[in-house]
Amino acid sequence: QVQLVESGGGLVQAGGSLRLSCAAAGRAFSTYAMGWFRQAPGKEREFVATISWSGVRTNSADSVKGRFTISRDNAKNTLYLQMNSLKPEDTAVYYCAAKVPYMSGSPLPRHPYEYDYWGQGTQVTVSS
């Protein structure tokens, strides 16, 4: 079993920044691929970014490229999402997810069904 707990959400003005964290407990964190997704009211869960077990490879949605950065610290079993230049349309519940196991060199997972474990989510609200 893998437990994921997100933190760092909140209310911020447009143009501001937030850093989300996702603490992982359970099996060897350094073997997971990890991802961030978000879900706004009335909308489907949407891919935001993903990162390989080593942190060397990342991929992100076009809507956040150049503004959001995914990273991880395997020594701390923690995943991060640095969000800059936030816009009102970034308002959503943000979820972290883990793909276990992840085969090194495989394509990074971008779809919710590819992930095995999910956190409870953290609310991000961007005011205009």
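A: What follows goes through the ring pairs, then the charge over the rings, then the disulfide.

This is a predicted model, in which local features need pLDDT of at least 70 and side-chain atom pairs count only at pLDDT 80 or more, while totals for chains, interfaces and linings use all residues. Residues are numbered from 1 along each chain as its sequence is written, and side-chain values use heavy atoms, with hydrogens and water left out.

The structure holds 4 aromatic pairs. Rings of Phe, Tyr and Trp (for Trp, its six-membered ring) pair if their centres lie within 6.5 Å; planes under 30 degrees apart count as stacked, over 60 as edge-to-face and the rest as tilted. In one of these pairs, phenylalanine 37 and phenylalanine 47 have ring centres 5.8 Å apart and planes at 70°, so the pair is edge-to-face. Phenylalanine 37 belongs to strand 4 (residues 33-39) and phenylalanine 47 to strand 5 (residues 46-51), so this pair ties together parts 10 residues apart in sequence. Strands here are DSSP runs of E with at least two residues, and helices are runs of H or I with at least four, numbered from the N terminus.

Phenylalanine 37 also pairs with tyrosine 115: the centres are 5.3 Å apart and the planes are at 80°, so this pair is edge-to-face. Here the link is between distant parts of the chain, since tyrosine 115 lies in the loop between strand 9 and strand 10 (117-118), 78 residues from phenylalanine 37. Both phenylalanine 37 and tyrosine 115 are buried, and phenylalanine 47 is buried as well. Buried means under 20% relative accessible area, exposed over 50%, and partly exposed in between (1.4 Å probe, protein chains only). Ring pairs link Phe37, Phe47, Tyr115 and Trp118 into a cluster.

Arginine 45 has its charged end over the ring of tryptophan 118, 4.8 Å from the centre. Arginine 45 also lies over the face of tyrosine 95, 3.8 Å from that ring centre. A charge sits over a ring if NZ of Lys or CZ of Arg is within 6 Å of the ring centre and within 35 degrees of the ring normal.

Last comes the disulfide, a pair of cysteine sulfur atoms within 2.5 Å. The count is 1 disulfide. Cysteine 22 is joined to cysteine 96, with an S to S distance of 2.0 Å. The pair links distant parts of the chain, with cysteine 22 in strand 3 (residues 18-26) and cysteine 96 in strand 9 (residues 92-99), 74 residues apart. The torsion about the S-S bond of cysteine 22 and cysteine 96 is about 50°, so the disulfide is right-handed. Cysteine 22 has 0% relative accessibility and therefore counts as buried; cysteine 96, at 0%, counts as buried too.
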